[in-house]
Amino acid sequence: MEPAGPEHRGAVRELRLHLVTWNVGTASPPPDVTSLLQLNSLGPAVDMYVIGLQEVNSRITNFLSDLAFDDPWSIFFMTVLSPLGYIKLSSVRMQGLLLLLFVKHVHLPFIRDIHTHYTRTGLYGYWGNKGGVTVRMSLYGHTVCFMNCHLPAHMENTEQRLDDFEKILEMQFEEENIPSTLDHDVLFCFGDLNFRIADYGIHFVRESINNKRYNLLWEKDQLNMAKKKEAFLQEFIEGPLQFKPTYKFDLYSDVYDTREQKSLFWFNEKKRKPAWTDRILWRVKNLCQHASKEGEFTEEEQTISVTLNNYISHMSYGISDHKPVTGTFGLELKPLLSHPLVTLNPEGEWSAEHDVLISYSAAPELPSSAWDWIGLFKVTFRHVNDYVTYAWVEDDEISSNKDSKQVYMSAAEIPDMGGEFLLCYYSNNLQSIVGISQPFQIQPNRTLIGKDLTQEENSWMQKPDNLESHDEF
């Protein structure tokens, strides 16, 4: 029996998604995120990481620097995940809101139509300290959308939270032919939603938490209450809140808020009541469409489904007054895309000592462009612009027939030290990688490496004795 895979139309494929939401309180990244990303998990490997952060440091000096360069959190997660075979697929930032998507290389040719958007809701829509950032895509032919939100704070602002949440959900992408947020096959909404536990006093809440009787608090959770009466929330699903409320903690502690807060009027405010502010919700469109039908819909109708495998908080992280929350999902789908638009391979044995050839074939439906290019990447590349070198598919073409084409790459552009690399075909019209090769070895330039070693040895032998170090210098 042939294994299930994207190349077999009609075969079911399950992708493993790991979502993170974390209000980091302007802090720098922690020393280690192994448990947060479940890197030591014995289960199946994660196919896609979706990381939503709130309150990333957005002071003007930091923000201007981050506009010119990757922000510290993006660099941090790329450093962790790229050696494991993940590429940063997309990111979007609005002041302190940051959304990052990382995906395994094998899925790149089946991810298309990536678009980002942000919606401001602070100061009546003029300020981006609150709102939502969104990334959407076509994943194996199915539309999937991820939305990271930061809603208004404080117990009394429930209605404002709901109004802002609904406004963010009604956001429309600017490009034509892109479905609205709620029209995607699957929509994940997460973030610091700031919903609180109503009515109960702080002592009852804390006592219930200490005794792990979380069920006593669920009915007074503002989001749970809103889902019963707000139509736009009723189609969203959430896993059981079987972990401690994730706000508000003393820094570097698992102790809830012990410090009195100073107000502008110089008297002490009450300690903050614990709350499940950090949440992950999802919505499957085909479930909504068929909810009114009697019985379950047929297997043919259900082409995509979402299963929650794990919904937990991570108490060991203390850089902010929020604990991060993660959801691990199985996304089961029938691929609507059977083959990559481009298949490509290195021709023969590659060496840094001579020019090399790339052969590729493109599907008829590829919207080719003179600006398409093929990049040479290290296997641990971080993002699409992290190429070593590239060749234009038209300018550097040397042969063509009905089945395949050949592109030339100069030896001068290939790293002398060689190593393990792969090739990616980038479509300018689709703004994405539409073909990727298997990893392959490039042999080093032995002549230059030997010459460099000889020069280094000669230089060392010729160093004068009077260049020894002296303590006074």
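What we are looking at is a predicted model, in which local features need pLDDT of at least 70 and side-chain atom pairs count only at pLDDT 80 or more, while totals for chains, interfaces and linings use all residues. Residues are numbered from 1 along each chain as its sequence is written, and side-chain values use heavy atoms, with hydrogens and water left out.

Let me begin with the salt bridges. A search of the whole structure finds six of them, and I will go through some. In one, the side chains of K248 and D321 meet at 3.0 Å, N to O. To say where these residues sit I need helices and strands, which are DSSP runs numbered from the N terminus, helices being H or I with at least four residues and strands being E with at least two. K248 lies in the loop between β9 and β10 (261-262), and D321 in the loop between β13 and β14 (325-333), so this pair ties together parts that are 73 residues apart in sequence. Both K248 and D321 are buried, where buried means under 20% relative accessible area, exposed means over 50%, and partly exposed is in between, using a 1.4 Å probe and protein chains only.

A second pair is R283 with E235, whose side chains meet in a salt bridge at 2.6 Å, N to O. R283 belongs to strand β12 (residues 278-284) and E235 to the loop between α6 and β9 (237-238), so the pair connects parts that are 48 residues apart in sequence. Here R283 is buried, at 9% relative accessibility, whereas E235 is partly exposed, at 36%.

K220 is in the loop between α5 (215-218) and α6 (222-229), D199 is in the loop between β8 (186-192) and α4 (202-210), and the two are 21 residues apart. K220 counts as partly exposed at 23% relative accessibility, while D199 is exposed, with a relative accessible area of 62%.

Now, please turn to the sheet. In what order do the six strands of the open sheet stand? The order is β3-β4-β2-β1-β14-β13, and the pairing is mixed; two strands pair if DSSP finds at least two bridges between them. At the edges are β3 (86-94) and β13 (304-313), each with a single partner strand, so one side of each has no neighbour in the sheet. From one strand to the next the twist averages 15 degrees, with axes taken as lines fitted to C-alpha atoms, for helices over the stretch in contact, and angles running from 0 to 180 degrees between N-to-C directions.

Let us stay with β4, which covers residues 97-104 and runs antiparallel to β3, joined to it by eight bridges. V92 has L99 in β4 as its bridge partner, and K88 stands opposite F102 in β4. The hairpin of β3 and β4 has two residues between the strands, and in it Q95 takes a positive phi near 50 degrees. β4 also pairs with β2 in the antiparallel sense, over six bridges, and there I51 stands opposite L100. Is β4 largely enclosed or left open? Seven of its eight residues are buried, so β4 is largely enclosed by the rest of the structure.

From the sheet I move to H115, which is found in strand β5 (residues 111-122). H115 is buried, with a relative accessible area of 17%. Leaving aside residues up to four places away in sequence, H115 touches T134, V135, R136, F173, E175 and I178, where contact means heavy atoms within 4.5 Å.

Finally, the cysteines. A disulfide is a covalent bond between the sulfur atoms of two cysteines, and the rule applied here asks for a pair of cysteine sulfur atoms within 2.5 Å. How many disulfides does this rule give? The count is zero. For C145, the closest cysteine sulfur is that of C189, at 7.3 Å, which is too far for a bond. For C189, the closest cysteine sulfur is in C149, at 5.6 Å, and this is also too far for a bond. C145 is buried at 0% relative accessibility, and C189 is likewise buried at 0%.

Notes. Salt bridge = Lys/Arg side-chain N within 4 Å of Asp/Glu carboxyl O.
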